[in-house]
Amino acid sequence: MLRRRETIIGMLFCFIAVMFVSGLQAEAKSKMQKQSFGKTEDGQQVDLYILTNKNGMEAAITNYGGTVVSLMVPDRNGKRDDVVLGYDTLDGYATGKAYIGATVGRYANRIAHATFTLDGITYKLAKNDGDNHLHGGFNKRVWTARDVSSNAGQALELTYLSKDGEEGFPGNLPVKVVYTLTDKNELKIDYSATTDKDTVLNLTNHAYFNLAGQGNGDILQQQIMIKADRFTPIDAVSIPTGELRSVKGTPFDFTTAMAIGARIDQDDQQLKMGNGYDHNWVLNNEKAGSLFLAAQAYDPHSGRVLEVLTTQPGIQLYTGNFLDGIHGKDGKVYNRRYAFCLETQHFPDSPNHPNFPTAELKPGQHFESTTVYKFSTK
Ligand code: GLA
């Protein structure tokens, strides 16, 4: 009898100890740092949030544009480097035109002639890329931030209400982006949104990666693999023609890993139109909407590997063709092809291509998508 009671007391003690330790762990995980990142021209306070994990990986994110400002990642010898381009100050992001690190929306990528028709109504969008609409304006808005860290890792929730008519898009659209830094060296991005009118939506992140460290030369030796048998060819102003073309026998075949620079300057009409790679690939994800390993990048020099997983149907590989001597972080200058972007997305100009997966969102529907940037070394 006595022994049984002792056992019960012992078990209770163990239970309390376990609860106490896991409580401490949860608390340690939730200690995200926050510091001021300055004020916008119209006086709004903007902050920088530093997320860390147990491996010493660190992500700095600002609520200005929902932007990833830096990402400190170890190389194969454990040396940490910042693998994304960025600016030292808020002013860089406020005046910059390259969408560096930003959350992009309401419609990431291009919409031809800045117009589309939905339910018989023709909408006119802001023309900000010649005659076309490109990327929307979420990258220049101040988002509301909240620490939502949990046992999954330190996490930052950013919310923004895109009002009916913003940039010409219909519907009030409350949008949420949650960045989670896990102990598996993943930066996980969960997007969600709802609307009160039929609308179109395409959200992505515009991080510019250089796995050798930001500003440390071009990315032409870095390798890319994309799990896609087809891509969407473009016209002279980078609008998809509507064709889904096989990558076989073209410089767009990344089904096995290839150096970015191996074919980038080939005499190929599509490469010429994009000024290099600036195209959407049609991901081979058989279970649409499930998390799928879409792409992998590798820097043979540092050994850093980046895996991109997504629930989205497409991915844009953009090889920094328009980087033209931007003054970035730590005195570094970003020249042409000093970074690559892997933007998970719906296909560009989907609202004008009924044969592309639909980017429509209707009242009562809940838009959800996830993209994971996972780092390792080999
Ligand atoms: C996207 C586009 C590119 C370019 C960059 C921003 O990736 O596809 O053409 O506009 O954004 O400079």
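This is a predicted model: local features need pLDDT of at least 70, side-chain atom pairs count only at pLDDT 80 or more; totals for chains, interfaces and linings use all residues.
How far does a polar side-chain atom of Gln316 lie from an oxygen atom of the ligand? The distance is 3.4 Å, which falls within the cut-off for a polar contact, a pair of N or O atoms within 3.5 Å.

Residues are numbered from 1 along each chain as its sequence is written, and side-chain values use heavy atoms, with hydrogens and water left out. The protein chain has a mean pLDDT of 94 (the predictor's confidence in each residue, from 0 to 100), and 92% of its residues reach 70 or more. Please be careful with residues 12–28, where the pLDDT is below 50. Beyond near neighbours in sequence, that stretch has two contacts in the model (heavy atoms within 4.5 Å).

Now back to the ligand. Its surroundings include Tyr99, His135, His206, Tyr318 and Glu343 (each with a heavy atom within 4 Å of the ligand). Arg110 and Asp278 also belong to this group. A polar side-chain atom of Arg110 sits 2.7 Å from a ligand oxygen, and for Asp278 the corresponding distance is 2.4 Å. The protein covers 94% of the 300 Å² of accessible area that the ligand has on its own (Shrake-Rupley method, 1.4 Å probe).

Next, follow the charged side chains. The whole structure holds 17 salt bridges (a side-chain nitrogen of Lys or Arg within 4 Å of a carboxyl oxygen of Asp or Glu). One of them joins Arg80 to Glu58, with the closest N and O atoms 3.9 Å apart. This pair links distant parts of the chain: Arg80 is in strand S5 (residues 80–82) and Glu58 in strand S3 (residues 58–62), 22 residues apart. Strands here are DSSP runs of E, at least two residues long, numbered from the N terminus.

Arg304 and Asp81 meet in another salt bridge, at 3.8 Å from N to O. Here Arg304 lies in strand S23 (residues 304–310) and Asp81 in strand S5, 223 residues apart. Lys79 joins these two residues in a network of salt bridges.

Note on methods
Helices (H or I, at least four residues) and strands (E, at least two) are DSSP runs, numbered from the N terminus. A polar contact is a pair of N or O atoms within 3.5 Å; within protein, one must be able to donate a hydrogen and the other to accept it, and residues adjacent in sequence count only if both atoms are side-chain atoms.
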